[in-house]
Amino acid sequence: METSQQSQKKYEFKVKLIFALILTIYIGCGFIYSLNLGDNIIYGDEEDYIKLARNIKQYKSYSSDSVHATAFRPPAYPLILSLVFSIRNSIIIARLLNFMFLCFNIVLIILILKSVSNTSAFIGVLLILSYPVLFYLAGTLFPQTFASFLFLLLIYLTFKVYNSF
């Protein structure tokens, strides 16, 4: 006969498996969406971030025109993009990085909400997945997905430190 501890472990394994499957499907859809978008730039802001990243990579300068320094955009996201462009100069790879940050955001939401209950973590994931704007935004070269990752990471680490005392 199965003990309650064994059944709890089986349940937790199934929940982790479901979350892993959801993340795999989500990143797969993000990959297909990124390939579909290709190297097309839709918004002027995306072009600004790309110029800044390429100038960081090529000229080691935070500049839009490679001559004059700028403070028009925050530097963290173009710096991350410049690292991507130094590995492979591909907008598709940069979009995939955004989808990876979105998946990290989902994992962080799960970890944060699991401190309340497994049910709240599951509901949180369902809410994220049912909000298509997050998926669309991850397909653009905007810093919001990366900034959300940093914010959620800060919340998670704060909870970890607070709960360790």
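I began with Asn 55, which sits in helix α2, residues 44-59. The model I am reading is a predicted one.

Entry 1, Asn 55. I looked up its accessibility: the relative accessible area is 8%, so I record Asn 55 as buried, the limit being under 20%. I then followed its side chain and found that it reaches the backbone oxygen of Ser 64 at 3.3 Å. Setting aside neighbours within four places in sequence, I listed the contacts of Asn 55 as Lys 60, Ser 61, Ser 63, Ser 64, Asp 65 and Ser 66.

I located Arg 95 in helix α4. A polar atom of the Arg 95 side chain lies 2.3 Å from the backbone oxygen of Asn 40. Beyond neighbours within four places in sequence, I noted contacts of Arg 95 that include Asp 39, Asn 40, Glu 46 and Thr 140.

I next examined helix α4 (residues 91-114) against helix α5 (residues 118-129); their axes come within 7 Å and cross at roughly 150 degrees. Angles over 145 degrees count as roughly antiparallel, and I therefore describe α4 and α5 as roughly antiparallel to each other. I recorded their crossing as right-handed. On the α4 side I found Ile 106, Ile 109, Ile 110, Leu 113 and Lys 114, which meet α5 residues including Ala 121, Val 125, Ile 128 and Leu 129. By class, I logged eight nonpolar, three polar and one charged residues in the contact of α4 with α5.

Conventions. Residues are numbered from 1 along each chain as its sequence is written. This is a predicted model: local features need pLDDT of at least 70, side-chain atom pairs count only at pLDDT 80 or more; totals for chains, interfaces and linings use all residues. Side-chain values use heavy atoms; hydrogens and water are left out. Helices (H or I, at least four residues) and strands (E, at least two) are DSSP runs, numbered from the N terminus. Buried means under 20% relative accessible area, exposed over 50%, partly exposed in between (1.4 Å probe, protein chains only). A polar contact is a pair of N or O atoms within 3.5 Å; within protein, one must be able to donate a hydrogen and the other to accept it, and residues adjacent in sequence count only if both atoms are side-chain atoms. Contact means heavy atoms within 4.5 Å. Axes are lines fitted to C-alpha atoms, for helices over the stretch in contact, and angles run from 0 to 180 degrees between N-to-C directions. Angles under 35 degrees count as roughly parallel, over 145 as roughly antiparallel, 65 to 115 as roughly perpendicular and the rest as oblique. A crossing is left-handed if the near helix is turned anticlockwise from the far one by less than a right angle, and right-handed if clockwise. Ala, Val, Leu, Ile, Met, Phe, Trp, Tyr, Cys and Pro count as nonpolar, Asp, Glu, Lys and Arg as charged, and the others, Gly among them, as polar.
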